[in-house]
Amino acid sequence: MSVSPATSDVSAVTNDASVPTGPRTVLITGTSSGIGLAAAVAAARAGWRTVATLRDPARAGALREAAAEAGVEIDVRQLDVTDPDSVEAAVAGVVRDHGRLDAVVNNAGAGHVGTLELESVAEVREVMEVNFFGVLHVSKAALPHLRATGGRLITVTSVGGVVGQPFNEAYCAAKFAVEGYMESLAPVAATVGVGVSVIEPGAVATEFVNNIDLDIEARIAAAGPYAGALRSYIERTVSQFTEGSAQTPAGAAASVLEALTAEKPAFRLQTTEWAAAFTGTKLADRDGSAVLGITGAWVS
Ligand SMILES: NC(=O)c1ccc[n+]([C@@H]2O[C@H](COP(=O)([O-])OP(=O)(O)OC[C@H]3O[C@@H](n4cnc5c(N)ncnc54)[C@H](OP(=O)(O)O)[C@@H]3O)[C@@H](O)[C@H]2O)c1
């Protein structure tokens, strides 16, 4: 086994014997729309001091409206998961202003449609930047503070973090990477009192598909030998979102709340029966308890 030299000084923030006082505080990324927005409102409703972050706070209109409608207060702050300085500043600001950080919800993410021959390596790197390295930046900045509170690190992955899907090679690779990282981190984080969970939605009716910004006909026209397959894939996907079979953002956010509040949340939480059945086609250990039972014993 090789152990690389430490690149961070973990002694800078120790496990403080006195847990900070005041309401439990959660930081959520990507709250301009969709699951992040719904999770922010649900967490505030459940009594959490909720720090809802966006890469562009000017896009907080829908979030503020939803919070006002629900009669809850939300602390809105800037955080771009791909910008380490912005991540560090946001996490430090929360701890400075609220005195504690009890949970992080890595929700920010972006879809991508492509396939090996039709996309550049640079595009794949971009997908990894948001969906994988973004999660890493936030988790690394937060973990010392989560240790101080015995907190929770929650990441919205996808059924695509377990099952690879056509024309989603880069997206699924990023989500698989997050799942592998978090499954490996979970037993280690547990030794310092931090719980780790991943949330696996199937289709959710959010801005996710619109945000991919896909000119469908142009893409199909440029897809050469893949045109027929791409058309079938897109038609199936669009019908999932237009025929009402997609879950509501509030439904997916309920699983985030479960990971935040359950006494002992599972490592993996699928957000619908369909997502449970789909991931179950690959996972003998659907909620991750069997694997963590084994790997947890290696470090206890
Ligand atoms: N919808 C689905 O069918 C589905 C299924 C499985 C998993 N998921 C996952 O669920 C999570 C939430 O997605 P959603 O469905 O709620 O879609 P969404 O409505 O598009 O929300 C995605 C959020 O991520 C934010 N974001 C993107 N890049 C960011 C960055 N660099 N820094 C900070 N925030 C960034 C977006 O902000 P902007 O407004 O600034 O773009 C937006 O607030 C994602 O991780 C996604 O992969 C979604």
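How are H1 and H9 oriented to each other, roughly parallel or oblique? The first view below answers this. The structure is a predicted model, in which local features need pLDDT of at least 70, side-chain atom pairs count only at pLDDT 80 or more, and totals for chains, interfaces and linings use all residues. Residues are numbered from 1 along each chain as its sequence is written.

**View 1. Helix H1 against helix H9 (residues 249-261).** Helices (H or I, at least four residues) and strands (E, at least two) are DSSP runs, numbered from the N terminus. Two packed helices are described by the angle between their axes and the distance between the axes. H1 and H9 pack at about 55°, with axes 8 Å apart; axes are lines fitted to C-alpha atoms, for helices over the stretch in contact, and angles run from 0 to 180 degrees between N-to-C directions. H1 and H9 are therefore oblique to each other (angles under 35 degrees count as roughly parallel, over 145 as roughly antiparallel, 65 to 115 as roughly perpendicular and the rest as oblique). Their crossing is right-handed, a term used if the near helix is turned clockwise from the far one by less than a right angle, with anticlockwise giving left-handed. Residues of H1 in the contact include Gly34, Ile35 and Leu37, and those of H9 include Pro249, Ala250 and Ala252; two residues are in contact if their C-beta atoms, placed from the backbone, lie within 7 Å. By class, this contact of H1 with H9 has 13 nonpolar, one polar and no charged residues (Ala, Val, Leu, Ile, Met, Phe, Trp, Tyr, Cys and Pro count as nonpolar, Asp, Glu, Lys and Arg as charged, and the others, Gly among them, as polar).

**View 2. Helix H1 beside helix H2 (residues 61-70).** The axes of H1 and H2 are 10 Å apart, at an angle of about 30°. H1 and H2 are therefore roughly parallel to each other, and their crossing is right-handed. Leu37, Ala40, Val41, Ala44 and Arg45 of H1 meet Ala62, Leu63, Ala66, Ala67 and Ala70 of H2. The contact of H1 with H2 comprises nine nonpolar residues, no polar residue and one charged residue.

**View 3. The largest nonpolar core, with 67 residues.** A nonpolar core is a set of buried Ala, Val, Leu, Ile, Met, Phe, Trp, Tyr and Cys residues joined through C-beta atoms within 7 Å. A residue is buried if 20 or more other C-beta atoms lie within 10 Å of its own, exposed if 12 or fewer, and partly exposed in between, with C-beta atoms placed from the backbone. Among the residues with the most contacts inside this core are Val26, Ala39 and Val104. The largest share of the core, nine residues, comes from helix H1 (residues 34-45). Beyond four places in sequence, Val104 touches Leu27, Val138, Ser139, Ala142, Leu146, Leu153 and Ile154.

**View 4. Gly30 in the loop between strand E1 (25-28) and H1.** Gly30 is buried, with 27 other C-beta atoms within 10 Å. Leaving aside neighbours within four places in sequence, Gly30 is in contact with Gly36, Asn107, Ala108 and Gly109.

**View 5. Phe167 in the loop between strand E5 (152-156) and helix H5 (169-190).** Phe167 has a positive phi of about 60° although it is not a glycine. This residue, Phe167, is buried, with 22 other C-beta atoms within 10 Å.
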